[in-house]
Amino acid sequence: MGIQEIVEQALRNGYLTPTQEAEVGRICDKATELSVEDYMALDRLMGALLTGQVVAVPRKQFINVMEELVLTEAITRIAAIEAEQECALDLGDIAAYALNRLPPLYATTEEGAQYQRQRAEEELMDLIRTQVQEAINHSMARPQFHPERSAIGKTSGKEVFTQVSSLLQAYANDYERPKGESAR
């Protein structure tokens, strides 16, 4: 979406969202030169903001306390497992798996966050531990498919074709080489 469309939408709705504001900033930062129409649209937006015709929606500051509790538990458990066993566990995968099975605990102030932490420690720690352990079990039970895999380089069309042909030769039983290509 361009600057003019964002400004039109803000004027229609009567507000400028943080996402719209960020997009206008990104466009302005990226562009070496804006068009006259874009400058005019930005001027209209500034005027509308100054007169109150458009209101900038403030960015809301909030946190999900459950994230920090799950991360703390997961880091502790993963460190212990990795110290005992020859494996590497993905903290992000484990935390996401557990968080998707736990209630969120959002707070907008430090007092609210402290309340949510205390509530979670009193009422939810067993559930947090259980979900983190299930996430670890799930992660460890997942087989690693072809850990020797590597990405195909994308330098040129001919090189990609050669790489794919080599893969086919290695893995396809009845591979037929393209005309003009010799066996290696």
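The following questions and answers concern a predicted model of one protein chain.

User: What pattern of helices and strands does the chain follow along its sequence?

Analyst: The secondary structure of this predicted model comes to 8 helices and 4 strands.

User: Among contacts between residues at least 6 apart in sequence, what percentage join residues at least 24 apart?

Analyst: The chain has 184 residues, and buried residues make up 25% of them. Its accessible surface comes to about 13300 Å², with 53% belonging to carbon and sulfur atoms. Among the contacts between residues at least 6 apart, the share that joins residues at least 24 apart is 65%.

User: Which residues does Val132 contact, leaving aside its neighbours within four places in sequence?

Analyst: Once neighbours within four places in sequence are set aside, its contacts are Val70, Glu73, Ala74, Arg77, Ile94 and Ala98.

User: Is Leu99 buried, partly exposed or exposed?

Analyst: Leu99 lies in helix α5, and its contacts beyond four places in sequence are Met66, Glu67 and Val70. The C-alpha atoms of Leu99 and Val132 are 8.5 Å apart, although 33 residues separate the two in sequence. Buried means under 20% relative accessible area and exposed over 50%. Because the relative accessible area of Leu99 is 24%, the residue is partly exposed.

User: How many residues apart are Glu8 and Arg44, whose side chains meet in a salt bridge?

Analyst: The side chains of Glu8 and Arg44 form a salt bridge at 2.7 Å, N to O. Glu8 is partly exposed at 34% relative accessible area, and Arg44 is partly exposed at 42%. The pair links distant parts of the chain, with Glu8 in helix α1 (residues 3–13) and Arg44 in helix α3 (residues 36–51), and the separation is 36 residues.

User: Which helix holds both Glu23 and Arg26?

Analyst: The side chains of Glu23 and Arg26 meet in a salt bridge of 2.5 Å, N to O. Glu23 is partly exposed at 22% relative accessibility, as is Arg26 at 38%. The two residues lie 3 apart, about one turn of the helix, and both belong to α2 (residues 18–30).

User: Is Asp126 buried, partly exposed or exposed?

Analyst: Asp126 and Arg129 meet through their side chains in a salt bridge of 3.5 Å, N to O. They are 3 residues apart in helix α7, which means that about one helical turn separates them. Arg129 is partly exposed, with a relative accessible area of 35%. Asp126 has a relative accessible area of 59%, so this residue is exposed.

User: Which residues do salt bridges that share partners join into one network?

Analyst: A search of the whole structure finds 7 salt bridges. Those that share partners join into one network the residues Glu68, Glu110 and Arg117.

User: Is the pair of rings of Phe62 and Tyr106 stacked, tilted or edge-to-face?

Analyst: The search of the whole structure finds 1 aromatic pair. Phe62 lies in the loop between β2 (55–56) and β3 (63–64), and Tyr106 lies in strand β4 (residues 106–107), 44 residues apart. Phe62 is partly exposed at 48% relative accessible area, and Tyr106 is partly exposed at 49%. The ring centres are 5.7 Å apart and the planes stand at 75°, so the pair is edge-to-face.

User: Over the ring of which residue does the charged end of Arg101 sit?

Analyst: The charged end of Arg101 is 3.6 Å from the centre of the ring in question. That ring belongs to Tyr97.

Notes
Residues are numbered from 1 along each chain as its sequence is written. This is a predicted model: local features need pLDDT of at least 70, side-chain atom pairs count only at pLDDT 80 or more; totals for chains, interfaces and linings use all residues. Side-chain values use heavy atoms; hydrogens and water are left out. Contact means heavy atoms within 4.5 Å. A salt bridge is a side-chain nitrogen of Lys or Arg within 4 Å of a carboxyl oxygen of Asp or Glu. Buried means under 20% relative accessible area, exposed over 50%, partly exposed in between (1.4 Å probe, protein chains only). Rings of Phe, Tyr and Trp (its six-membered ring) pair if their centres lie within 6.5 Å; planes under 30 degrees apart count as stacked, over 60 as edge-to-face and the rest as tilted. A charge sits over a ring if NZ of Lys or CZ of Arg is within 6 Å of the ring centre and within 35 degrees of the ring normal. Accessible areas come from the Shrake-Rupley method with a 1.4 Å probe; for residues, only the protein chains shown count as cover.
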